[in-house]
Amino acid sequence: MGVLPSQRLRGLIAEGGIAAAEPVLPAQVQPASLDLRLGRFAVRVRASFLAGEGRTVEERLGAFEMHRFRLDDGAVLEKGCVYLVPLMEELALPGGLEGVANAKSSTGRLDLLTRTICDGGTEFDHVPQGYRGPLWAEICPRSFSVLVRPGMRLNQLRLREGEARLSDEELRELQGRVPLVQGAEAAIDDGLAFSVDLKGPGRVGWRAKPHTGVIDLDRIGHYDPRAFWEEIVAEDERIILDPGAFYILMSREAVTIPPDHAAEMAPYLAMVGEFRVHYAGFFDPGFGHGTAGTGSREVLEVRCHEAPFALEHGQVVGRLLYERMAEVPDQLYGRGIASNYQGQGLKLAKHFAEVGA
């Protein structure tokens, strides 16, 4: 029982539980998840929607479709618009196995809202037990227009059997064996709470500029951050969040995900304030563990709502929900699999060049 590790995912691919018109690539298999690939066309829709019980995504498109276009030569998904793209992967899950999806880290750091939907689905990013059928990605660029092509991987799927999430009691027991937090006391209440780092000196975050160029998602380390972002400096360890603006901030705590566990980022409380910490979501086994030694910071994707909000250093903004793995993965997050964010600080998406402090 628990989250399927990399070796079990490969086994499921070999057995046909995960299939695709084009063979699944070894690089898609992560320690506790499978990267999902964009298909060959996109559909511009006038509104986000769910298929609903007993209905398929394709048949619901008739009420929402505006136009379809091919992605083969690259196509721009424009800021503020909503698109559906069929994913290359299809599922034929055994009974008892369910899926949960989320945007990949780099996707979230671009404020690129990406959610997975399926036939008969009544929730975003949830694949019911024993599901057999196609998957679609709903994509809504919020801050930057992006250039996409078939095969790009914007979201990922985690498969699990049975109850995987740790209770607070189990989480405290794990904290006693493997320190999960560096730089602060572990605050455990419906998960492991984390707070925001606004101490400075110097840059404590980035705010997306409202009018920028297009980002080609195939270009890594290519773009000058200052063409797309404004630096944020705190005053008295506090910043004022502007309504509608998107920020990249950093957690005060450095966290560790042991090899036999995974984790997911979740909001702390809906009423904590006039902002939301977006959660790109999955933390693989080995994040902040082993050679990193002292844990890794969490990058926070923050959007303010209707009113300006004063965010203070050390304010709790989210929580990590830890899950047990069904087995220890045969690969862990880190340099061995070219992970981009091990030992990270205040790091933008991998598409941007590094900048000094």
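Trainee: Is S33 buried or exposed, and what is its relative accessible area?

Mentor: S33 counts as buried because its relative accessible area is 0%. Buried means under 20% relative accessible area, exposed over 50%, and partly exposed in between, with a 1.4 Å probe and protein chains only. This is a predicted model, in which local features need pLDDT of at least 70 and side-chain atom pairs pLDDT 80 or more, while totals for chains, interfaces and linings use all residues. Residues are numbered from 1 along each chain as its sequence is written, and side-chain values use heavy atoms, with hydrogens and water left out.

Trainee: Where is S33 placed, and with which residues is it in contact?

Mentor: Contact means heavy atoms within 4.5 Å. S33 sits in the loop between β2 (18-20) and β3 (34-37); such elements are DSSP runs numbered from the N terminus, helices being H or I of at least four residues and strands E of at least two. Once neighbours within four places in sequence are set aside, S33 is in contact with L9, Q28, Q156, L157, R158, F282 and D284. Its C-alpha atom is separated by 7.1 Å from that of L159, 126 residues apart along the chain.

Trainee: What share of the contacts in the protein chain joins residues at least 24 apart?

Mentor: Among contacts between residues at least 6 apart in sequence, the share is 81%. The protein chain has 4 helices and 26 strands, and 52% of its 357 residues are buried.

Trainee: Why does the radius of gyration agree with a compact globule?

Mentor: A compact globule of 357 residues would have a radius of gyration near 21 Å, and the protein chain has 20 Å, so the two agree. The radius is taken over C-alpha atoms, and the globule rule is 2.2 Å times the number of residues to the power 0.38. Along the principal axes, the C-alpha atoms fill a box of roughly 55 × 45 × 35 Å.

Trainee: Which domains does the assignment give, and how many residues of each are in contact with the other?

Mentor: Domain bounds come from an automatic or database domain assignment. Here the assignment gives domain 1 (2-161) and domain 2 (168-324). Their centres, taken over C-alpha atoms, are separated by 24 Å, and 33 residues of domain 1 are in contact with 30 residues of domain 2.

Trainee: Which phi values do D111 and E237 have?

Mentor: Most residues other than glycine have a negative phi. D111, although not a glycine, has a positive phi of about 55 degrees, and E237, also not a glycine, has a positive phi of about 60 degrees. D111 lies in the loop between α3 (105-109) and β9 (112-118) and counts as buried because its relative accessibility is 4%. E237 is in the loop between β18 (229-233) and β19 (238-241); at 30% relative accessibility, E237 counts as partly exposed.

Trainee: Where are L332 and A349 placed, and are they buried or partly exposed?

Mentor: L332 lies in the segment after β26 (316-324) and counts as partly exposed, at 32% relative accessibility. From L332 to P285, 47 residues apart in sequence, the C-alpha atoms are 5.8 Å apart in space. A349 is also placed in the segment after β26, but A349 is buried, with a relative accessible area of 1%. The C-alpha atoms of A349 and D242, 107 residues apart along the chain, are separated by 22 Å.
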